[in-house]
Amino acid sequence: MYKKSIITILFLMLFCSFALAQGDIIKIGANVSLTGPSSMWGISELNALRMAADKINEEGGVLGKKIEIVEYDNRANPPEAVIVNQRLIDRDNVAAIIGVAQSGTFIAARTVAEDGKTPQIGTTPTNPFATIREDGTPFKYAFRVCFIDPFQGKIAANFAFNELGAKNASIVYDVGSDYSSWLADYFIDNFTALGGKIINKEAFRSGELDFRAILGKIKASSVNIDILYIPTMQKEAGLIAKQARELGIKAPFMGGDGVGSPDLMTIGGDATEGFYFTNLADLADPMLSEWLEEYRARYGTDPVLPNPVMAVDALLLVVDAIKRAGTTDGEALAKAIEDTRNIKVLTTDNFSIDPATHNPFDKPAVINVVKDGKFEYVMSYSGES
Amino acid sequence: MFLQTLVTGLGIGSIYALMAMGYCLVFSILNFSNFAHGAMIMIGAYVGYLFCSIIGIPFFLSIIITAVITGILSVINERLAYRSLRERNAPSLYLIITAMGISIMLENLVYSTIGSNFYAYPRVFSKNYLEIFSSTIGLIDIYSFFVSIICIILLHLFLNNSKIGMAIRAGVADPIATSLMGANFNVLIRNVFFLSGIFAGISGVFMGLRYMVYPQMGWITNKAYIAAVIGGLGSLPGAIIGGFILGIIETIVSVYISSVVRDVFSFSMLILILLLKPLGLFGIKYEEKM
């Protein structure tokens, strides 16, 4: 009898505190990968979200309520991410979900958010179809804060034309990869629209090792090129750079975020000096310096980019939208996120969402360059000089 | 432009030729395609990297040490995997499948022990290329071209003038008669595998130097295998000429048509040649290979 009443009281207390807590807390879900091969980014992502939430709460919270991050591990695995989404929506009643980072996993989980009428903001899913349907219309509740693959092609074309003064470009791309083909096409569209000329567009098939035939063709062409655009992965880019220099091609190289691995320099050696590439984020970005110090002070280690900064952008986007909507109702919140114009987030001072695609609108990319065998930050660039 | 294409084609072709010779040697005597040769080339690239880059032995000395090591590994491979099959007169299909198994096993062994990282050889030549008649020739190409030619000549002299070479040629002509004449067939095959291992080591080092070192690099030997088939499996001069033909045609197709259809051309050519000459260009008669 005595025991029973204690348990009843405990349950009552728990229920009351739960009900009370529900009243002044806004839950935001984090669908992140905390174990498995992507965990180094996922853990950074969660750390950054907690830090950002604490900061928002110290400054008075949102609509007078405190933000609480509720996280579950998705192991970067599509079925797991679907279960995590279901749990966040059905059991935790979150206002919005931040994550998933991987395109394929995001696409799998997105359906649950759509059915549960809960906005989901992907951190780094760069596949164009993460937020839109095949016919080009956006999913109502799917958003992202990273740029999409084709956007990098645009950034690269603008950077090459405006900043490097390139007028004639050649392209070597991997015809077996969606990523590479998108980047190549968008580079060409934007570069020619600016008034540049494409001298050669050469394709190879994934797994190729010898590019001297196509590079020889580029070298033998009557026009000297000012830039060689190589939107591939690091392995091919390193080999292409090395073989191009061997053949005496002197133009600078440029690539996408796929080349951003130290393997590029291992494979390409000296030939990769001055290799430019577009990237999602860089620790040397002055916009991040203050945040980076806080992160280091709190966790004693460097964040693993780009996921944590993207997650903070996503949280700030959600918080801003909740303020404008005045509610955490999913439908109103999704509308408010869609209407986001020129707000301040971590990586930029004017962040907007494109209502037609649910992608960020002209969010700056980071330009990196290889210097003395290391990646260096050049600038943040949104396409205008 | 055409000269440049030709030079590049010869450079690529010489690597194919060097790799094709290893296939050719084994095929000529055992009548099966040793698909583990590609994996042996990959091991050669790693061993060469170890000596040349980590231990820091001069490049040409590294090649020799690597060639000996892969030669020994190739003999061990034969002893462990092929001999018992051979002694039980298994059809050559079984040997081919065993060879594929070894190739996959070695590749995964490297994945699990060394990992999937890429490695690059240190720079061996101070200058990377030469300019001749407005076309650029990579120094590595010149070296691999001459090393191929020298290896081929040495092999030819060895097979024609040494006792072991004579035994190998006799074994190729008629294995049973050679055994009956008192030649130890197992020793003979060991020698053939040692030679093919030497070629695997040399081509592995040149492949690693030319491109990079990674576990899957053995797959490029598919092309070398095609070169050997074009030339006529089992014919040494055929393997060399097949390698050069394939290298040049691939380059010409890449430059003048498109690099995307390059493999369509090289494989169509393989089918066409086999339709017209089922034994390849130089695979004359079974008894007179080599």
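In this predicted model, helix α10(B) passes helix α11(B) in a right-handed crossing. Helix α10 covers residues 236–256 of chain B and helix α11 covers residues 262–276 of chain B; their axes come within 9 Å and cross at roughly 140°. Because angles over 145 degrees count as roughly antiparallel, this pair is described as oblique. On the side of α10(B), the contact is made by B:L246, B:I249, B:E250, B:V253 and B:S254, while α11(B) supplies B:R262, B:F265, B:S266 and B:M269. These residues divide into 5 nonpolar, 2 polar and 2 charged.

The crossing of α1(B) and α8(B) is left-handed. From α1(B), the residues that meet α8(B) are B:I15, B:L18, B:M19, B:M21, B:G22, B:L25, B:V26, B:I29 and B:L30. Among their partners in α8(B) are B:I189, B:V192, B:F193, B:F199 and B:R210. By class, this contact has 17 nonpolar, 3 polar and 1 charged residues.

The table sets out the axis geometry of the two pairs.

| Helix pair | Axes come within | Crossing angle |
|---|---|---|
| α10(B) and α11(B) | 9 Å | roughly 140° |

Chain A is described here by its domains. Domain 1 consists of 25–147 + 285–354, and domain 2 consists of 150–279 + 366–381. The C-alpha centres of these two domains of chain A lie 32 Å apart. Their contact takes 4 residues from domain 1 and 6 residues from domain 2. On the domain 1 side of this contact there are 3 nonpolar residues, no polar residues and 1 charged residue.

The two chains also touch each other. The contact takes 22 residues from chain A and 23 residues from chain B. Within chain A, the elements that give two or more residues to this side are β7 (197–204), α7 (212–220), α8 (234–246) and α9 (263–268). Helix α7(A) gives the most, with 6 residues. By class, the side of chain A that touches chain B has 10 nonpolar, 4 polar and 8 charged residues.

Definitions and conventions. Residues numbered from 1 in each chain as written. Chains lettered and ligands numbered in written order. Predicted model: local features only at pLDDT ≥ 70, side-chain atom pairs only at ≥ 80, totals over all residues. Axes fitted to C-alpha atoms, helices over the stretch in contact; angles between N-to-C directions. Helix = DSSP H or I, 4+ residues; strand = E, 2+ residues; numbered from the N terminus. Parallel < 35°, antiparallel > 145°, perpendicular 65-115°, else oblique. Left-handed = near helix turned anticlockwise from the far one by under 90°. Contact = placed C-beta atoms within 7 Å. Nonpolar A, V, L, I, M, F, W, Y, C, P; charged D, E, K, R; others polar. Domains from an automatic or database assignment.
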